[in-house]
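Keep the chains in view as you go.

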There are 2 protein chains.
Amino acid sequence: MSDSDPSLCITPGLAPWRSSLARALHRNRSRPYSRYFQLATVTPDGYPANRTIVFRGWLPDTNTLTLVTDRRSGKVADLAAHPRAEACWYFTHTREQFRLAGPMVLVDSTDTALAPARQTAWEALSTNARQQFYWPHPAAPREVQSSDSPQAGHDVGETAPDTFCLGLLTPHRVDHLELRGDPQARYLYRLQTDGRWTGAPINP
Amino acid sequence: MSDSDPSLCITPGLAPWRSSLARALHRNRSRPYSRYFQLATVTPDGYPANRTIVFRGWLPDTNTLTLVTDRRSGKVADLAAHPRAEACWYFTHTREQFRLAGPMVLVDSTDTALAPARQTAWEALSTNARQQFYWPHPAAPREVQSSDSPQAGHDVGETAPDTFCLGLLTPHRVDHLELRGDPQARYLYRLQTDGRWTGAPINP
């Protein structure tokens, strides 16, 4: 969690699947939920976990997806035990799916190397989105009358609270399936150990 | 895979989360992709995997979700190694999410106890959906000129081919999040060892 190795997060050059994903984001842009994907992790007990996440853009000059999360959420414990994830991103208008798998790290308030990226992500959030990081413990029993209930508005600062984490998913394998078209099309991209990408059509 | 223990798949009575999920399916019914969810599994290597799946209805008189899959697909190897899954089902119109986690089994042609359910699922498929089970090996390199390429139509029989598997996900834990509303609402349901369900509001 602290002083994450940036080499984990950064692969040089624009990966070949980036243009397909950019096109999908553009062609589905009228639907706000096109920026949501489902993120799978493995719990400390070895079970699969899955939840919807908002895409927060790219870490500049990398192929790394950014997202934000609460340090108290289940996925933080999952990633501490198993630092990998697979995002499944389905675009409803163009009927295509991207599966993006690779190492994932979280950047919290103790991280120095990526502190500027974390601060930038905090500043990009709306006031409403920021307030969630001051809410009571996620998934704890709901105390309807609590003074720190989600109902209560909190002043949100310019500095991210300790609960705020930036998540970085760096795909090493991307599987792009296009359901439209007869036949369907599917491409598999893999990051090689020398840092280059390969890509090839595979059977759907 | 063979002669699955039906007790794994069946919990008696309608679970308390079923009415909320039925309501979501009804209120989002104008969008065909509302019947798609993302299914997370764990690979034999212990990595998370995630893909979009079509909901194929309930196993009759149970709280078990059904889906269909190709025996040659990656999720079959995942479930053989780790027979659990979490479905993440996001409804775009009503802005609510269900996370459904529990044991998952696959019913193939060698299973006798659940052979009728598998046959029923096969008969419910469209001709187009059935043809995919005669396609060449999923995720193998694409041979554009192959005679058994996805382009080629195949006669589809009334009997399911060996590639056809019925998947059964039996939730033991359901997390329902409603993003609409201020405050947001979230409920957690758990199956107890005595077969009863508990449900309670939790913090979003």
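**Exercise 1.** How much area do chain B and chain A bury between them, and what share of it is on carbon and sulfur atoms?

*Solution.* Before we start: this is a predicted model, in which local features need pLDDT of at least 70 and side-chain atom pairs count only at pLDDT 80 or more, while totals for chains, interfaces and linings use all residues. Residues are numbered from 1 along each chain as its sequence is written, chains are lettered from A in the order in which they are written, and side-chain values use heavy atoms, leaving out hydrogens and water.

Step 1: buried area is the accessible area (1.4 Å probe) that two parts lose on being put together, summed over both. Step 2: for chain B and chain A this comes to about 3800 Å², with 56% of it on carbon and sulfur atoms.

**Exercise 2.** Find how many residues each chain brings to the contact.

*Solution.* Contact means heavy atoms within 4.5 Å. By that rule, chain A gives 44 residues and chain B gives 44 residues.

**Exercise 3.** How many residue pairs are in polar contact between chain B and chain A?

*Solution.* Look for pairs of N or O atoms within 3.5 Å; within protein, one must be able to donate a hydrogen and the other to accept it, and residues adjacent in sequence count only if both atoms are side-chain atoms. The count is 20 residue pairs, both at pLDDT 80 or more.

**Exercise 4.** Is Lys75(A) buried or exposed?

*Solution.* Buried means under 20% relative accessible area, exposed over 50%. Lys75(A) has 10%, so Lys75(A) is buried. Among the residues that Lys75(A) touches are Leu39(A) and Ile53(A).

Terms used. Buried < 20%, exposed > 50% of the residue type's maximum accessible area, 1.4 Å probe, protein only. Lists of a residue's contacts leave out its neighbours within four places in sequence.
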